[in-house]
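Q: I am new to this structure and would like to learn how to read its features. Can we go through them in turn?

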Amino acid sequence: MNADVTEPEGARPADLPLRPRRRWLRWTALGASVVVLGAAGAVWALYSRLDGNIRTDVETVNQLRRFESERPEPVVREAENILLIGSDDRGGDNGKYGRDNGTQRSDTTILLHLSADRSSATGVSIPRDLMVEIPECERPDGTTTGARFAQFNWAFQFGGAGCTIRTVEKLTGIRVDHHVVVDFAGFTKLVDAVGGVEVCLAEPVDDPDAQLSLDAGPQTLDGEQALGYVRTRKGIGDGSDTQRMARQQEFLSLLVRKVHDEGILTDPGRLYSVLDAVTSSLTADPGLDSLAELYDLADSVRGIPADRVRFMTAPRQPYTYDPNRDELVQPDADRLFTALRNDEPVPEPSSEATASQGPDAETTGPGTTAPGSPSPTESGTGVSRAGFATPDAGTGTPGPTASPSSGARASAAGSLCGRAG
């Protein structure tokens, strides 16, 4: 009977070969899946590399935990205080920047205060030569150093970031929520990643110790030159640490402005180079030791207006017993630290502190003052493209610590760099 049953004309559907179009769609879908998975894998690899660049400072966290009872309590919990430490450790890749006798000191220390509502940010430089009370600290080998009165940057030598944090907290009464240590090599990579930073010099700079030789006028500094520029003391101005801190503050402002103005954060290629440079130079506490945490921090401050970002130096003057060291100017320093601790607007310096600049104080270069002007210095992101301080953004008036005669000198410098006076 079955033999009499005939199959329908043509083959059964299961036996039909795939139509060319359906075969092409399947291969396209498969190829797209491979591409997506490959891209995701590549992105994850890049993310993992950047994330793995950051070193976690477990030692400091443990030290701070042991001294928790001595630390100040946070006053405004939504506000954040981050201590940025530039280390002059000469080991590893930093060896070419000078000889090392087995110690390291904090070359630059900035206390960055972010307001609770993220409407402002204030960076306060702590002079490395400031005479302060350094508490008992633990060395990396487990031994301890006795409490002593010494210059501030010795704290990092005695007990690293942990000792520095506790010294800052003792000095200011401000709880340090996070800390980041940046090394020399990372700084040079960052400047190179953004294509250099332009500054303007009123006079040539020649400092063999800092490996720096620059002509007067506008200069675009690469990473090595930038490092020499922010560290030199002998080759520019009066050689004071105060002038050097002012240059560092203004250079940071120019660097931030370049990243913003050139859209580097929205250019994937350039952004990766910047992130690689930044993360490879960082040692941070567990609260900032990942790319995700750094992104969250950056995202939280993205809306801060440029004129609400300020950099300044703690009010200081030559130390009474040694003019080569510094001491705080009071009551200005206490007023500043109290305002930051309570997340309040930073107060204007007193007339006495402003007068201490002396009548002959004048701007002699980017963020510098002439000899005899020991007052605190300030620079905001209203720094000119050429590297000279301009009036406070949005106010049209000089900053509270601007010297009386700075305008004429800055105008001449502006003309030198092609700016209107």
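Q: Which residues form a disulfide, and how far apart are their sulfur atoms?

A: A disulfide is a covalent bond between the sulfur atoms of two cysteines. In this predicted model, Cys137 and Cys163 form such a bond, with their sulfur atoms 2.0 Å apart. The count comes to one disulfide.

Q: What is the torsion about the S-S bond of Cys137 and Cys163?

A: The torsion is about 75°, so the disulfide is right-handed.

Q: Which parts does the pair of Cys137 and Cys163 tie together?

A: Cys137 lies in strand E6 (residues 137-138) and Cys163 in helix H3 (residues 154-172), so the bond ties together parts that are 26 residues apart in sequence.

Q: Are Cys137 and Cys163 buried or exposed?

A: Both Cys137 and Cys163 are buried.

Q: Now the aromatic rings. How many aromatic pairs does the structure hold?

A: A pair of aromatic rings is described by the distance of the centres and the angle of the planes. The structure holds five such pairs. One of them joins Tyr229 and Phe251, with 6.3 Å from centre to centre and 55° between the planes, which makes the pair tilted. Tyr229 belongs to helix H5 (residues 223-231) and Phe251 to helix H6 (residues 241-261), so the pair links distant parts of the chain, 22 residues apart. Both Tyr229 and Phe251 are buried.

Q: How do Tyr319 and Tyr321 pair, and what is the angle between the planes?

A: Tyr319 and Tyr321 form an edge-to-face pair, at 5.5 Å centre to centre and 75° between the planes. An angle over 60 degrees counts as edge-to-face. Tyr319 is buried, with a relative accessible area of 17%, whereas Tyr321 is exposed, at 70%. Ring pairs also link Phe149 with Tyr319 and Tyr321 into a cluster.

Q: Which residue lies over the face of Phe67?

A: Arg166 lies there, at 3.7 Å from the ring centre.

Q: How many cavities of 30 Å³ or more are there?

A: The count comes to two. The second largest cavity holds about 40 Å³ of space.

Q: Which residues line the second largest cavity?

A: The lining consists of Asp107, Thr108, Thr109, Ser125, Ile126, Arg128, Asp241, Met245 and Gln248. Strand E3 (106-114) and H6 each supply at least two residues of this lining. By class, the lining residues divide into two nonpolar, four polar and three charged.

Q: What should I look for in the backbone?

A: Most residues other than glycine have a negative phi, and most peptide bonds are trans. Here the peptide bond from Gln330 to Pro331 is cis, with omega near 10°. Pro331 has its place in the loop between strand E17 (322-328) and helix H9 (332-341).

Q: Where is Arg118 found, and what is its phi?

A: Arg118 is found in the loop between E3 and strand E4 (121-125). Phi of Arg118 is near 55°, a positive value in a residue other than glycine. Arg118 is buried, because its relative accessible area is 16% and buried means under 20%.

Q: What is the phi of Asp343?

A: Phi of Asp343 is near 60°, again a positive value in a residue other than glycine. Asp343 is found in the loop between H9 and helix H10 (351-355), and at 22% relative accessibility it counts as partly exposed.

Q: How far apart are Glu198 and Asp222 in sequence and in space?

A: Glu198 and Asp222 are 24 residues apart in sequence and 9.1 Å apart in space, C-alpha to C-alpha. Glu198 is found in strand E10 (residues 197-201) and is partly exposed, with a relative accessible area of 22%.

Conventions
Residues are numbered from 1 along each chain as its sequence is written. This is a predicted model: local features need pLDDT of at least 70, side-chain atom pairs count only at pLDDT 80 or more; totals for chains, interfaces and linings use all residues. Side-chain values use heavy atoms; hydrogens and water are left out. Rings of Phe, Tyr and Trp (its six-membered ring) pair if their centres lie within 6.5 Å; planes under 30 degrees apart count as stacked, over 60 as edge-to-face and the rest as tilted. Helices (H or I, at least four residues) and strands (E, at least two) are DSSP runs, numbered from the N terminus. Buried means under 20% relative accessible area, exposed over 50%, partly exposed in between (1.4 Å probe, protein chains only). A charge sits over a ring if NZ of Lys or CZ of Arg is within 6 Å of the ring centre and within 35 degrees of the ring normal. On a 1 Å grid over the protein atoms alone, a cavity is a set of points where a 1.4 Å probe fits but cannot get out, and a pocket is an open set with protein on both sides within 12 Å along at least five of seven lines; lining residues have an atom within 4 Å of a point. Grid points are joined across faces, edges and corners, and a volume is the space filled by probe spheres set on the points. Ala, Val, Leu, Ile, Met, Phe, Trp, Tyr, Cys and Pro count as nonpolar, Asp, Glu, Lys and Arg as charged, and the others, Gly among them, as polar. A disulfide is a pair of cysteine sulfur atoms within 2.5 Å.
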